[in-house]
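Hi,

Here is the structure I promised to pass on.

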Amino acid sequence: MKQLLLFAGTTEGRRLAQDLEGKGWRITACTATEYGAQLMAPGPGLTVRAGRLDQAGIEALLAEGGFCCAVDATHPYAREATENIRRACLARAVPCLRLLRPAAELPAGTLWARDAAEAAQKLCVLPGNILLTTGSKELEVFTQVTDYQSRVYLRILPVGEAVERAAALGFARGHIIAMQGPFGLALNRALLEQYHIQTMVAKDGGGPGGFEDRRLAAEQAGAALLVIRRPPEAEGALDYDQVLSRLLEWRE
C-alpha cells in the first residue's frame, strides 16, 4: 500500500482523505491546528497530525515516512505553507500535486485589494460598520482602520486563542463573532443586517469556502463587498477531480 502525505487544511483535503480510504493509499494528513485535526476522521488507513511545519519539518516528515507522493490541499491564501510544501518536496524528490479550488466569478463593480494591508487602507475611507470574514491570521493589520474598535466586527473560528488574540489587539469582545461554518446565505445576511454592516471583507475562497453566499448576502443587504485577491499560484494546480483521478491511477 502506497504512502500519501496530505496537507489537509480545507474541505477538499478532508473529502480527499475520505474518498481515498480503502483504495490503495495509506494517508498521513497534516493540519495546522488541533481544531483542524478534530474535523478529520481518523481511520485504519488515515493518521492525522496537528501542528504547523516549516520546510525543514516537512522534509523530515517526508524522509521518515516513506511517502511516494504529497498533496497540497491547503487554502488558496496559505501562501507560506504552499511554498514550504513545494520546496520540501523538491528537496526530497517527492512528487507533489497542488489541489486548488476554482476562483469565483465576480460581477463588475466589486471592490478589490491586493492584500490585507491594502484592504485596511481602503476601509479607512469607506463609511460605516465593517464585517471581516477573512480569518484571524492577519487581524493586526486591520487595527490600522480608522475607529476600528467601534466599526469593525470579526467572524472567526471558535478557538479560544484566536478570540483572546483579537481582544488583545483591541477589538471589542462584543464585536467578535466566533462561529464554525458553513455559513449559508440567510445567516450571512442576518449578520450584515444585525450589525448594520456597510462593507463586508472576504477572501475568494471559491464555492467550498462559502464565497458565493457571502457575495449574495452583501448584495441583498445593500453592503459593499471588498475582496482580497488570491496570491499568485505556480502553474500546474489541479482541481479536485483531477487530483483524485491521478492518485487512483498511481495507487498500483
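**The sheet and its helices**

Strand E7 (residues 129–132) and strand E10 (residues 197–203) run parallel and are joined by four bridges. Strands count as paired here if DSSP finds at least two bridges between them. Helices (H or I, at least four residues) and strands (E, at least two) are DSSP runs, numbered from the N terminus. If you want a spot to start from, Leu-131 stands opposite Met-200 in E10.

Before you go further: this is a predicted model, where local features need pLDDT of at least 70 and side-chain atom pairs count only at pLDDT 80 or more, while totals for chains, interfaces and linings use all residues. Residues are numbered from 1 along each chain as its sequence is written, and side-chain values use heavy atoms, with hydrogens and water left out.

E7 and E10 belong to an open sheet of six strands with parallel pairing, in the order E6-E11-E10-E7-E8-E9. Strand E6 (111–113) and strand E9 (176–178) are at the edges with a single partner strand each, so one side of each has no neighbour in the sheet. From one strand to the next, the twist averages 20°.

Helix H5 (residues 116–123) lies across E6, E7, E10 and strand E11 (224–228), at about 155° to E11. Helix H8 (residues 185–194) also packs on the sheet, touching E7, strand E8 (152–156), E9 and E10, and its direction makes about 135° with that of E10. Contact means heavy atoms within 4.5 Å; axes are lines fitted to C-alpha atoms, for helices over the stretch in contact, with angles from 0 to 180 degrees between N-to-C directions.

**The rings**

There are two aromatic pairs. Rings of Phe, Tyr and Trp (its six-membered ring) pair if their centres lie within 6.5 Å; planes under 30 degrees apart are stacked, over 60 edge-to-face, and the rest tilted.

Tyr-148 and Phe-171 are edge-to-face, 5.1 Å centre to centre with 70° between the planes. Tyr-148 is in helix H6 (residues 148–151) and Phe-171 in the loop between helix H7 (160–168) and E9, so the pair ties together parts 23 residues apart in sequence. Phe-171 is buried, at 3% relative accessible area (buried is under 20%, exposed over 50%, partly exposed in between, with a 1.4 Å probe and protein chains only).

The rings of Tyr-153 and Tyr-195 are tilted, because their planes are at 35°, with centres 4.7 Å apart. Tyr-153 is in strand E8 and Tyr-195 in the loop between H8 and E10, 42 residues apart.

Cheers
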